[in-house]
Amino acid sequence: MTIRTPEALRPYDVALVGGGIMSATLGMLLQHLEPSWSIAVFERLPQVGAEASAAWHNSGTGHAGLCEPDYTIGNPDGSVDIGAAVEVGEHFRLTREFWAALVEERILGKPDTFVNPVPHMTFARGRAEVDFLRRRFEVMSAHPLFASMRFSADPATIGEWAPLLTAGREGTEPIAATRDITGSDVDFGELTQQLFHYLRSRDVEIHRNCEVRGMRRNNDGTWQLKVDWNTGNDHLTRKVDARFVFAGAGGWALKLLQKAGIPEARGYGLLPVSARFLRCDIPEIIARHDAKVYGRAPAGAPPISMPHLDTRVVAGKRALLFGPFAGANPRFLNKGSLFDATAALNPHNLQPVAGVLKNNGDLVRMLASQVTSTRKRRLASLREFAPGAESDDWTLVGAGQLAQLVKADPGRGGVLQFGTEVVASHDGSIAAVLGASPGASTAPAILLQVLDRCFPRYHHLWEPRLRQLMPTLGVSLGKEPGLARGTMNRTAEILGLEPPLVG
Ligand SMILES: Cc1cc2nc3c(=O)[nH]c(=O)nc-3n(C[C@H](O)[C@H](O)[C@H](O)COP(=O)(O)OP(=O)(O)OC[C@H]3O[C@@H](n4cnc5c(N)ncnc54)[C@H](O)[C@@H]3O)c2cc1C
């Protein structure tokens, strides 16, 4: 295939580097807010949405705080801190409002092409975990965001909710589960494609097969990008100027900030974590499971390693996934380089990365044991969730690469940063989103932070339009339960999701 290269590129108001869900969402926000701005996207692969955002490269959980045990913390006094779950829930509520507005504007297609109702469950085994889940449920279900959550320690009820969890389960170990029917499965790859499809129709230039390899600041404060086109036969380099650059490059976002040389990127480092899943495509088994069932992550491991038995809905077809299991791929992107991890090291982040490796023995041991894990051990993990699982029904498949964020910490050298972090230059001319979890689900809320940091003078000008897209922007629904139920009902109706339960 021959790739056409533009002869010359004009200066752009906005350059989005990378064609994943983050660039697509930011492009959509900016196109709505400033339709006259010129926007160009540069993606190194032949298609957009093909790295972490691709359907089978992530778990497709619409993270809303409904099922992830690691978003809640049990305190020594027995109380449960649900702050992180509430924050994710509030952010996902904005995501749903944003998608619903785009569906109403006919920018996105039929909702079931990218989001489908799948109940979210948390599963606990053993007395201590069951006790924690019960206390967690008591606090969570009192919050309006989680009012649809139900709890049961009765195996028969759990078996009705998710038959695979109880079929073949022997012994007297206590089990319990919570279930929330307002949960969802999301095909972020399809969503990314649909967002870019619309942007292209609004004159956003989407350049593929081209990699941004260098970046330097012009005298007037704008940026010059060095873009390398892979034409199939040759490599051609073009220079492109932009007023604002978003490094939406996923696992390579930090690399771009390092190339730009902004001091704000100093002290950040990355550790590669690659994920694999067991996948089942057998219709009779798939028909017996309609849920995303999460358990606790191993001690010291990032929330992204919480084990879960998942219904996926991709291109109208259902499948089951169980995992994730760490793989041995050292890249920061699936199509990245074997030298990603070493190339990202520099004098500013060497100490933080070394500190994390030294102080997080649990994580290092967990990753090492998973990398060397056998099929037998992976099946044993699966059978903790689905005791009747048969080896022949499940295939090990590769998923996306995760660049786990490390941050400098004066006391400990470096710490693992589990959330998603916005890093921007002091003048707001370049920004990136680092970290993976909760990631794609909360993209609109994260990118609103980018807009706030990089375009503070536009805040009041943009607010009315943003409220059309996200009517409850800036409202804490914990404090306004009536509004919570109202907007959740409305977005559920538009997106074809389950409305919250009453009472
Ligand atoms: C195993 C796994 C499970 C996950 N599960 C979930 C989940 O259940 N729910 C959820 O919400 N999130 C989940 N996530 C996180 C989610 O996938 C990411 O947060 C999200 O996809 C990141 O989007 P992005 O646009 O930043 O990156 P990507 O989708 O990776 O896109 C970055 C793009 O930039 C391009 N690029 C990179 N460098 C350059 C360059 N120099 N020039 C041009 N192009 C470049 C890449 O080719 C790529 O297309 C998961 C992630 C993983 C790895």
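1. G414 has a relative accessible area of 2% and is therefore buried, where buried means under 20% relative accessible area, exposed over 50% and partly exposed in between, with a 1.4 Å probe and protein chains only. The residue belongs to strand β19 (residues 413-417), strands being DSSP runs of E of at least two residues and helices runs of H or I of at least four, numbered from the N terminus. Leaving aside residues up to four places away in sequence, G414 touches P352, G355, V356, K407, A408 and D409, contact meaning heavy atoms within 4.5 Å.

2. This is a predicted model, in which local features need pLDDT of at least 70 and side-chain atom pairs count only at pLDDT 80 or more, while totals for chains, interfaces and linings use all residues. Residues are numbered from 1 along each chain as its sequence is written, and side-chain values use heavy atoms, with hydrogens and water left out.

3. N218 is placed in the loop between β11 (210-217) and β12 (223-230), and with 15% relative accessibility N218 counts as buried. Its contacts, not counting residues up to four places away in sequence, are W223, Q224 and D241.

4. The axes of helix α2 (residues 83-104) and helix α13 (residues 443-454) come within 7 Å and cross at roughly 95°, which makes α2 roughly perpendicular to α13. Axes here are lines fitted to C-alpha atoms, for helices over the stretch in contact, with angles from 0 to 180 degrees between N-to-C directions; under 35 degrees counts as roughly parallel, over 145 as roughly antiparallel, 65 to 115 as roughly perpendicular and the rest as oblique. On the α2 side H91, L94, T95 and F98 take part, and they meet A443, P444, A445 and L448 in α13.

5. W37, F244, F455, Y458 and W462 form one aromatic cluster, rings of Phe, Tyr and Trp (its six-membered ring) being paired if their centres lie within 6.5 Å, with planes under 30 degrees apart counted as stacked, over 60 as edge-to-face and the rest as tilted. The count by this rule is 15 aromatic pairs, among them the edge-to-face pair of F455 and Y458, at 6.0 Å centre to centre and 85° between the planes. F455 is buried at 9% relative accessibility, whereas Y458, at 22%, is partly exposed.

6. The charged end of R296 sits over the ring of F132, 4.4 Å from its centre, the criterion being NZ of Lys or CZ of Arg within 6 Å of the ring centre and within 35 degrees of the ring normal. R312 lies over the face of W56, at 5.3 Å from the ring centre.
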